[in-house]
Amino acid sequence: MTGKDEVSAISIAIPLALLAVLSGAVAVASGLVPFHDVDLALPALPSPQSVFIESRTFAYRDSAEYFRNGRAVDAPRKDVDVRKRLQIMKFQTTRGEYRRCVDDGVCVPADEPEDAVAPDMPLTGVSYEDAVRYAAWLSKRTGQAWTLPTDFELAYAAADRFPDDALGVDEDEKNPAVRWLADYEREARRAASVDPRPQPKGTFGVSSTGLVDFGGNIWEWTSTCNKRVDLDQGMVDEKRSGSDCGIFIASGKHRAPMSSFIRNPKGGGCSVGAPPDNLGFRLVRHMTLMESVSDFARRTATDIIARSTKAYTETSSNEG
């Protein structure tokens, strides 16, 4: 790399770093980047064990229900270039972790089985509202910003373990029997587990990204509101907030739209298809301002070095 190339790279990196700092400050001030102070009245809790999902291009099928001519069709699947790494809990929230929130008088006791005594077992019997309350409590106790993942974030983190709910039937297929058979086969695959009781950590394996037990017999709450898209009416992007939504997506062996107050999925609340065996959750952590700036600078420097190296290699090759 020549001196001119180095000066050029520096001249680009410095303004970008300054822009990152300014953007981060604006984001915090506007509330786009959550910031939590630790609750000094109680001992600070350590962060839950988590994994980092590095940036990559990811094929994602939308969680919304799509319809054309009154018939359900597969949601679109698109390649998304994710530029920022994601931090997510390695394990599902446990009974013991949740009970600390109950002991602090913030969370409501979960509807767990009568023999649910092992604190290290995955938590079940909680609603979306319970999960949101726990996330707010954990953020206070750790001084970090923890929230439920979106459906996209959970799919991105689960990688090879995340289900593809597509029927695989052509949109123009007019024979109802073809669609009925495809739907029957899908529901058969979604049949309830032989043993729906929660199992110890690690029972259901690890994803290629390091996420443990996703896709077992515990469906995980997300912050994504269930929505319906009528393609005959055109694409309408409705991004409703949690306060405007009553049905959220829980993901596991398949996606399940669930009412926000449901704790026992067998008792109702699933709009279509086979209900989940159990409901639990894991959380994602949002970076602080300085972590966001550092991550941006790291990615910028990596991109600059990669481009400069590529240009130098091409120049040397041409000269040769």
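Are Cys101 and Cys107 buried or exposed?

Modeller: This is a predicted model, in which local features need pLDDT of at least 70 and side-chain atom pairs count only at pLDDT 80 or more, whereas totals for chains, interfaces and linings use all residues. Residues are numbered from 1 along each chain as its sequence is written, and side-chain values use heavy atoms, with hydrogens and water left out. Cys101 is buried, and Cys107 is buried as well, where buried stands for under 20% relative accessible area, exposed for over 50% and partly exposed for what lies in between (1.4 Å probe, protein chains only). These two cysteines are joined by a disulfide with an S to S distance of 1.9 Å, the term being used for a pair of cysteine sulfur atoms within 2.5 Å. The torsion about the S-S bond of Cys101 and Cys107 is about 75°, so this disulfide is right-handed.

The structure holds two disulfides, and in the other one the sulfur atoms of Cys225 and Cys245 are 2.1 Å apart. Here the torsion about the S-S bond is about 90°, so the disulfide of Cys225 and Cys245 is right-handed. Because Cys225 lies in strand β8 (residues 219-225) and Cys245 in the loop between β9 (228-230) and β10 (247-251), the pair ties together parts that are 20 residues apart in sequence; strands (E, at least two residues) and helices (H or I, at least four) are DSSP runs, numbered from the N terminus. Cys225 and Cys245 are both buried. With bonded cysteines counted along the chain, the disulfides follow the pattern 1-2, 3-4.
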